[in-house]
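Keep the coordinates open as you read.

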Amino acid sequence: MNLYTRKQRWKALLILLAIMIVGASLWYSNTIINRIREEERVKVQLWSEAVKKKLLLINYTEKLFDDMREEERIKANTWAQAVSRFLVATESKEILFLQDIQMNNKTIPVLIVDDDNNLLFDRNVDSTLIDTQDEINALIAEMGSKFNPIRIDMFGIKQNVYYKDSRIITDLEQTLDDLVNSFISETVMNSGSVPVLFIDSTKTQVILSANMDTTLLADKEKLALEIERLEAANEPIKVRFGENSVNYIYYADSIILTQLRYYPIAQMVIVGLFLLISYLIFSTFRRAEQNQVWIGMAKETAHQLGTPLSSLMAWVQLLEARGTDHETIDELNKDVSRLETITERFSKIGSAPELKETNVAEMMNEAIAYLKPRLSSRVVFELTQNREGEIKAMLSKPLFGWVIENLFKNAVDAMEGSGKITIDIHYEIQHVYIDVTDTGKGIASANQKAVFQPGYTTKKRGWGLGLSLARRIIENYHKGKIFVKRSEVDKGTTFRIVLRTKV
C-alpha cells in the first residue's frame, strides 16, 4: 500500500468518523427537543384544563348572580309595594309589618321618583350622589339601564321605583372579575417563552396573547395567517365558555426550543468553518514546508551531481585523447550533456525561471530524439500541429523538458513498451495547447485528479513524484495548466498542457 492510498483511506475514515459524530449529536439534540416539545404541550394542556375548570366556576357564579338579581328584583318590588301600602295602611299590625319590610332593605339602593324624575324617597343611596337634580338624573339613568323601573300607585299618582345591584352583588362581581383576570393573565397565559394565542369562537377576536408580535395581532389578515401557522404547528385546544361558545388556545414551540433545534446545525457549521480555516492555514504552512524541503533537496542534488559530472567530463576528454572510437565518445558526450541538463533543472527549482519564447515543436523533437534510442523500438512517436511554421510559447527549456520527458516515460510505462505516442500542438492567440496521447491502459475516472498528488503511483517501483513535479513546474513556474483531458481504461490517456504565448 503506497503513501497516497494510505492517506486516502485515513481521509475516508476521518470523514466517516466526523459523520458519525455529527449524526450522534443531531440525534441526541433531536431527542432533547422532542422531550421539551412534549413537556410544553403538556403544560399548555394543563393550562387548558385549568381554564375549563375555572370557567365551570364562572358559569356557575353567573347563574348564581342571575338568581340573586331575580331575588333582589322581587325584594325591590316587595319593598316598593310596602312603601306604597304603608302610606294608606290603617291597622297597626299592618303598619308594623310594612315598616319592617322597609327597614330590612339594608343593601339594595332604591329611588322613588315621579314621572318628572323628582326624588320622593331613597334608600341605601349615598347622599352625595343626589345633591342636585343633575346627579339624580344621572343616577336614574344608570339604574334604568340595568333594570326596568317598578311602577307603583300612591294616592292615585303613578310613581317609578329605580334600583340597582346591592353592594353584596357588586362586591362579589368585582372580586370574581379580579380573580378571573388574574387567573387568565397570570396562570393560563403565563407560558414562559411559549407563544400562546387565546381567541374567541369566530377566530377573529384576540382575548389574550403572550410572547406574540403585537403588530400581527392588530392586522386581521396577518392574524389569520398567524392562526394558520400556529394551527399547523400544534392542534388548538378548545375551551368552552357557557353552553354555546367555544374559544381556542393556539400555541407554538417556544423561542428556546426553536433556537435549540437549530443550535446543533449552527454549531456544526461554526465548528466546520473553524476546522476548514484551520486546515487551510496548516495546509499552507505544510505546503510552504514541503516547498522548502523540495527546494533544499533539489539544490543539494544539483550540488552533489556537480562533482561526479566534472569528473565524467574529464574522463571523456581522457578517453578521447587515448584514441577511443568516436561513436563511443559521442554517446558519452550525450549522456554527460544530459547530466548537465538534469543538474541545471535541479538547480533552478526554487528560483524564478527565465521564460523565453521557444519553438514548442523543436523542443518536442529534441526530447523525442534523446529518448527514442533509449526506449523500446515498438514505441512510435507522432507530432502534429494545427498550422504551418513555428508555434512558440513562453517557457523555461530545462524545466519544461523535464515535464515532457516525465509524460513520455509514463506513457511508455502505461503501454508496457509497445504503442503510439501522439503529440498534438494547437495554437491560439493567447495560449498554446499541447496534447500528449498514448495508447496505454488508461486511468480510471476516480483517479484522474489523484495522479497529480505526491505519492500516487500504480507502479511497484516508484515514488509517485513525476506528475506532481510536472504540475508544480507548469502551474507554479509557467503559470499554465496541466490536467487529464480524457482517459479510457484499456484505450489510452490524453494529458493537456496549456502555456501562454506571451508574458
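The model is predicted. Start with aspartate 115, which makes a salt bridge to arginine 151. The closest N and O atoms of this pair are 2.9 Å apart. Aspartate 115 sits in the loop between β1 (110-113) and β2 (119-123), and arginine 151 sits in strand β3 (residues 150-154), so the bridge ties together parts that are 36 residues apart in sequence. Arginine 151 counts as partly exposed, because its relative accessibility is 44%.

A second bridge joins glutamate 142 to lysine 164, with 3.8 Å between the closest N and O atoms. This pair also links distant parts of the chain. Glutamate 142 belongs to helix α3 (residues 133-146), while lysine 164 lies in the loop between β4 (157-163) and α4 (167-188). The two are 22 residues apart. At 35% relative accessibility, glutamate 142 is partly exposed.

Now move to lysine 491 and glutamate 488. Their side chains meet in a salt bridge at 3.5 Å, N to O. Lysine 491 is exposed, at 60% relative accessible area. Glutamate 488 is partly exposed, at 45%. With a cut-off of 4 Å between a side-chain nitrogen of Lys or Arg and a carboxyl oxygen of Asp or Glu, the count comes to nine salt bridges.

Which residues form a network of salt bridges? They are Asp435, Lys485 and Arg496. Aspartate 435 is in strand β13 (residues 431-438). Is aspartate 435 buried or exposed? Its relative accessibility is 6%, so it counts as buried. A polar contact of 2.8 Å joins its side chain to that of arginine 496. Beyond its neighbours within four places in sequence, aspartate 435 is in contact with Thr422, Ile423, Asp424, Lys485, Thr494, Phe495 and Arg496.

Arginine 486 is found in strand β14 (residues 481-488). It is partly exposed, at 47% relative accessibility. Setting aside neighbours within four places in sequence, arginine 486 is in contact with Thr493 and Thr494. Serine 445 is 41 residues away from arginine 486 in sequence, yet their C-alpha atoms are 8.9 Å apart in space.

Turn to the nonpolar packing. In soluble globular proteins, nonpolar side chains tend to be buried together. The largest nonpolar core here has 46 residues. Met364, Phe400, Phe408, Ile421, Ile423, Ile434 and Ile497 touch the most other members. Helix α10 (residues 397-414) gives the most to this core, with nine residues. Take isoleucine 421. Not counting residues up to four places away in sequence, isoleucine 421 touches Val379, Val380, Phe381, Glu382, Phe408, Ala411, Val412, Met415, Val436 and Thr437.

Where do Leu223, Ile227 and Leu230 sit? They are in α6, where Glu226 is buried as well. Helix α6 (residues 220-233) has 14 residues and reaches 20 Å from its first C-alpha to its last, close to the 20 Å expected. The buried residues of α6 are Leu223, Glu226, Ile227 and Leu230. They cover an arc of only 105° around the axis, which puts them on the same side of α6. On the other side, Glu221, Leu225, Glu228 and Ala232 are exposed. The cover over the buried residues includes β5 (196-199), β6 (206-210), α5 (214-218) and β8 (245-251).

Helix α11 (residues 466-477) has 12 residues and spans 16 Å from its first C-alpha to its last, close to the 16 Å expected. Its buried residues are Leu467, Ser468, Leu469, Ala470, Arg472, Ile473, Ile474 and Tyr477.

Finish with the backbone. Most residues other than glycine have a negative phi. Just after α11, lysine 479 takes a positive phi of about 55°. Glutamate 416 also has a positive phi, near 55°. Glutamate 416 is placed in the loop between α10 and β12 (419-427), and is exposed at 64% relative accessibility. For aspartate 490, phi is near 70°, again positive. Aspartate 490 lies in the loop between β14 and β15 (492-500), and is exposed with a relative accessible area of 63%.

Methods:
Residues numbered from 1 in each chain as written. Predicted model: local features only at pLDDT ≥ 70, side-chain atom pairs only at ≥ 80, totals over all residues. Heavy atoms only, no water. Helix = DSSP H or I, 4+ residues; strand = E, 2+ residues; numbered from the N terminus. Expected span 1.5 Å × (residues − 1). Buried < 20%, exposed > 50% of the residue type's maximum accessible area, 1.4 Å probe, protein only. Polar contact = N/O pair within 3.5 Å; in protein donor to acceptor, adjacent residues only side chain to side chain. Contact = heavy atoms within 4.5 Å. Arc of directions from axis to C-beta. Core = buried A, V, L, I, M, F, W, Y, C linked by side-chain atoms within 4.5 Å.
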